[in-house]
Amino acid sequence: MKNKIISYIKSKLATEVVEEIDINEDLLGSGLVDSLGMVQLVLFIENEANIKVAPEDMTIENFMTVNHILKYIARK
Amino acid sequence: MKSIYTLPQLIENVARASPNREAFRYLEETISYSELHKKTDQLASYLISIGIKKGDRVSIFMNRCLETSIAVYGTLKAGAVYVPLDTAAPLHKTAAIINDCQISCLITTTTKRRKVDTLLNEKSTLNRVIGDTLKNSIPSVAWDDIFSIELDDYIPPTILEQDLAFILYTSGSTGVPKGIMHTHYSGLSLAKIAADTYDFNSDDIFGNPAPLHFDPSTFGYFVAPLVGATTVIIPDAHLKMPASLSALISKERITVWYSVPLMLIQLLHSETLDKHDFSSLRWVLFAGEVFITKHLRALMKKWPNARFSNLYGPAELILCTYYNVPEPPKTDEPIPIGKVWNNTEYKILDQNNNDVSKGEIGQLAIRSATLMQGYWNNKSLTEQSLHKVTIASGYDHTYYKTGDLVKLNNLGELLFLGRNDRQIKLRGYRVELDEIELTLLKHKDVEEVAVLVLGKDEEVQELVAVIKPSKDASINLTYLMEFCKVELPSYAIPKTIEFMDDFPRTSSGKISRKEISKLLEEHQL
């Protein structure tokens with residue numbers, strides 16, 4: 001799952017060319033992923049992990065880094 | 001109280017009267033008015049020491065953060081003009097703006113290092129970076145070095161209210177960037193009129209989600225200091241995560257919120273508004289786009305104690321009209337943009353620039369203290385955008401032609417009817433694209449919509465509606481087409497309907513119809 005998410009961000013969502021994305025890299029504050037990108041990322045995760053992301057789960061604590069996202073998926 | 005003529009005097013005044021009052025806050029970081037006064041003197045002193053002269057342009061390349069307040073006021077104190085750059089824009093476009101303005105100095109923070117490095121690879125007039133120390137590059141200086149400057153020999157330059165203060169670049173509908181020039185006078189006029197209109201006071205806490213290059217940032221950076229209030233700068237991350245934004249507005253006890261409607265709609269849909277306490281919220285202001293009435297009604301019911309106001313104004317005037325929504329709207333009709341505020345008058349013009357008869361549709365033209373000085377480096381475009389009424393030989397009244405279509409309702413309020421250029425001719429029929437959008441929005445399954453024309457020549461042009469469905473809506477294309485047939489004249493029915501999970505947007509959050517048509521055209525190839 002980790003690699004799938006990273007390669008999706010790198011190939012589809014990143015607003016600049018990046019060689020590697022660290023699992024602890026801040027996706028939101030850095031501007032690496034924009035608002036539309038976050039909507040797409042949530043849909044991607046819903047499909048890949050077969051979970052439903054509730055609106056109230058759209059928080060920085062759940063989506064700031066790839067690491068946060070993986071922990072969120074594991075809790076679901 | 002002494003009179004104020006320039007923007008830096010806003011900070012000086014509060015720093016003198018209430019030095020410890022909090023000026024800006026960004027999460028756990030905070031800066032008082034007296035600290036801001038000193039640090040901006042230090043930045044101004046540095047700018048003057050490297051040769052920045054009155055009227056020179058200085059660029060600000062930052063995300064929303066505490067240092068933006070120092071960059072803005074430090075530049076202004078040096079007598080220079082600040083030019084905020086969109087950090088999300090393609091870097092060759094950013095370089096084009098830097099060259100258009102002949103900018104030598106860029107103010108930034110360490111978080112933008114990767115982008116600044118790439119930007120410096122573009123050919124530009126930059127020869128100095130403030131806010132980060134760069135290796136093997138042009139001269140640069142860190143913030144800490146700025147803040148250790150001694151001010152014994154610092155002599156502030158004389159600034160007049162008609163001096164240029166900032167230039168805002170907008171992409172413009174034709175795609176060529178326009179630099180909108182504002183003076184200390186137009187910026188300060190905006191602050192004074194806004195403070196009168198809404199009765200802001202020193203207990204207010206302004207939520208500022210706008211980036212510096214977007215004109216609503218004038219509220220957080222100028223209006224709040226005029227009344228001695230505090231501005232909370234909203235971090236980028238919160239704007240992407242509505243549930244976190246909701247918690248932040250509540251926690252910071254924000255009393256004045258001003259944003260595009262989109263952010264408020266996202267808050268509404270975050271389903272967190274019942275979880276937090278929003279009792280401190282006094283004013284909810286919105287502008288930049290039409291607030292879809294059904295969403296506005298829902299939000300007003302969630303926040304019954306706040307007052308809601310619809311503001312309108314192109315960046316050339318910053319703002320010019322307002323409408324305080326008296327109660328949750330009963331119907332889905334769009335709400336008015338209201339009346340012009342203080343120190344402002346208007347005309348509604350027909351195609352020959354004559355006044356229309358009462359109640360007729362025409363282009364809105366505005367004369368105001370907040371009117372821009374003109375477009376940077378583009379005299380002919382400035383002339384084109386203005387409408388001059390000769391009162392006597394040698395004395396004109398100058399109006400700005402907004403390019404927006406309006407009419408008066410029977411209460412004397414202005415109704416916004418869309419862009420002048422969103423009215424097209426299709427097979428001989430005059431089609432208002434915005435009107436088609438408003439019709440589709442009445443459908444309960446439609447959350448947002450963009451109606452576009454594809455095809456260059458009139459014979460092959462087609463209407464396309466792109467729809468973002470409401471949450472949990474099970475959209476049926478046949479049923480939606482039926483709805484169009486009932487609600488619209490036959491020539492205004494979209495040939496095709498497409499669906500998108502969300503729209504591409506401009507950096508200010510507006511739907512980017514240009515990007516959508518690009519996407520559609522690529523798909524069809």
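Before you click, know that the model is predicted: local features need pLDDT of at least 70, side-chain atom pairs count only at pLDDT 80 or more, and totals for chains, interfaces and linings use all residues. Residues are numbered from 1 along each chain as its sequence is written, chains are lettered from A and ligands numbered from 1 in the order in which they are written, and side-chain values use heavy atoms, with hydrogens and water left out.

Start by selecting chain A. You'll find four helices and zero strands (DSSP runs numbered from the N terminus: helices are H or I with at least four residues, strands are E with at least two). Now colour by burial: 45% of the 76 residues in chain A are buried (under 20% relative accessible area, with a 1.4 Å probe and protein chains only).

Next, jump to chain B and select residues 8-17, helix α1, plus residues 217-226, helix α8. They pack at an angle of about 45 degrees, with axes 9 Å apart; axes are lines fitted to C-alpha atoms over the stretch in contact, and angles run from 0 to 180 degrees between N-to-C directions.

Zoom in and show side chains. α1(B) brings B:L10, B:I11 and B:V14 to the contact, while α8(B) brings B:F222, B:P225 and B:L226 (contact means heavy atoms within 4.5 Å). By class, that's six nonpolar, no polar and no charged residues; Ala, Val, Leu, Ile, Met, Phe, Trp, Tyr, Cys and Pro count as nonpolar, Asp, Glu, Lys and Arg as charged, and the others, Gly among them, as polar.

Methods:
Buried means under 20% relative accessible area, exposed over 50%, partly exposed in between (1.4 Å probe, protein chains only).
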